[in-house]
Structure formats: structure tokens, C-alpha cells
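This report looks at a sheet with its packing helix, and then at one helix with its surroundings.

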Amino acid sequence: MPSSHRSVAPEHQELLKRLGVHIDTETLRLALTHRSYAYEHGGLPTNERLEFLGDSVLGFSVTDALFRDHPELAEGELAKRRSAVVSTRALAAVGRELGIGDFILLGQGELLTDGKNKASILADTMEALIGATYICQGIEVARKLVLRLVGSLLQDAGALGAATDWKTSIQEYAANNGLGQVRYEVVGDGPDHARTYQATLLMGASRYSSGIGNSKKEAEQEAAANSWRELHSKQS
């Protein structure tokens, strides 16, 4: 049965408004409970089971949409697009746009290391919220939520192809266009427990865009993604 707004804690009503769904207070709080918070508060239940469920709902909903909307695409291309849409990077971007980081319950360690902006935590929480929607509202409401959240990604075929692995896409682009060797210039900043990295992509003798991440790999992927967009914007 759908939950009413009366059963939702006031601090969560804004989040539900952004999502456009009803989730009861208990289930919503569970969906927002990261394991770091649960551990520091005596072993509370975490959002990991809801995340597991939401991952399946997300995958089914995206697969169904791609299958129906693109009858011309072969299985391999459908799989590539699905991987891009359900990737950690894509879900984290959706989470940042919605501002869900401000609602996630995190332990002190994650709070000190800016956990609310970490791609993995944002993506996992998005999946947990999808799972919570399924539990409270059923598959059709959850499916519609997924399509609202990732609809723009489903329509952006060009970006989807590259988003499966930005570094590989840049490597292929450089090789096909004779732009020279691809490499990354990476610098780290901050203490070990809260270190961030900035990577700048270089091709041949030219410098392209930079990216920031909590790991060298994440920063390089961000730099590759931004450089891919930079290169393609010049063509349009």
C-alpha cells in the first residue's frame, strides 16, 4: 500500500519530493543508512540488502527500456549501453544532481573524508532508494522512477557508448585520429585519510581536460570523460 506523506519524517519530505515517490520513514531511513553509520551505532541494519534489490530493479528497467526503444540494436550494443547507464559513475552523477549526499547517514570516518560526495556511496544509495521504492510501491512505480532518473542517459547514445570506459574510448579516439600517445599527469593532495587526486589528460604534445577523484583511477576516468566531451564539442 502506498505510504502517505504523514508517515514521513519532515527532514525526508524534501528528498521524496525530489524523487517523486512515497517511501515510509522506516524503509527510507534504512535506504539511507550506510554501513559506516550502522557500525558506529551498535550494528544497525544497513542499506546493503535494499541496494542488492535496487540493483536488480535498475538493471531490469534499463534493459526493458533499451530492448523496447531500440529494436535495431544487436545484443552486444544493448549490453554496452546498459552497462553505461547502470555504472557507478552514471548513478553517482544522478545522485549528485538530486543532492542525496546531504541525506545519507554516514559514520564519522566517512564524514571526515567527504563520503557524501564519493561516487561509490552515492551510487549504492541510489540503488537502495530504488529498492525501497519497489518495496513500498511495487515494480511499476519503481520502474518509472528509474526511467525518470536515467532517462536522459538512455537518450544520449553517443555519450553512452563512451561512458562504458572513458579511458578506453579516448585511447581508441587518439589512435583513430593520429593524436599521439595518451598519458595522464596525476597529482595528489591532502592527508592520507582524505586524499584527493587531480589527473590531466595529455595526447601527444597537447594537454586536455582534467578530472578530480578520491583515487587515481577515478581522477583519470574523469579526465578522460571531460576530454572526450571537449574533443566532441569542437566537432559540433
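## Basis of the description

Helices, such as the one whose end is discussed below, are DSSP runs of H or I with at least four residues, and they are numbered from the N terminus. The model is a predicted one.

## The three-stranded sheet

Three strands form an open sheet in the order β1-β2-β3, and their pairing is antiparallel. Because β1 (182-189) and β3 (206-213) each have a single partner strand, they stand at the edges, and one side of each is left without a neighbour in the sheet. From one strand to the next, the twist averages 20°.

The antiparallel pair of β1 and β2 (residues 196-203) is joined by eight bridges, and within this part of the sheet Asp189 stands opposite Thr196 of β2. Helix α11 (residues 166-176) packs on the sheet, where it touches both β1 and β2, and the direction of α11 makes about 145° with that of β1.

In helix α6 (residues 88-98), the buried residues are Ala90, Leu91, Ala92, Val94, Gly95 and Leu98. An α-helix has 3.6 residues a turn, so residues three or four places apart point the same way. The cover over the buried residues of α6 includes α1 (10-19), α4 (48-69), α5 (75-85), α8 (119-137) and α9 (139-155).

Both ends of the helix have a local feature to record. At the start of α6, Ser87 brings a side-chain oxygen to within 3.1 Å of the backbone nitrogen of Ala90, while just after α6 the residue Gly99 takes a positive phi of about 70°.

Technical notes:
Residues are numbered from 1 along each chain as its sequence is written. This is a predicted model: local features need pLDDT of at least 70, side-chain atom pairs count only at pLDDT 80 or more; totals for chains, interfaces and linings use all residues. Side-chain values use heavy atoms; hydrogens and water are left out. Two strands pair if DSSP finds at least two bridges between them. Helices (H or I, at least four residues) and strands (E, at least two) are DSSP runs, numbered from the N terminus. Axes are lines fitted to C-alpha atoms, for helices over the stretch in contact, and angles run from 0 to 180 degrees between N-to-C directions. Contact means heavy atoms within 4.5 Å. Buried means under 20% relative accessible area, exposed over 50%, partly exposed in between (1.4 Å probe, protein chains only). A polar contact is a pair of N or O atoms within 3.5 Å; within protein, one must be able to donate a hydrogen and the other to accept it, and residues adjacent in sequence count only if both atoms are side-chain atoms.
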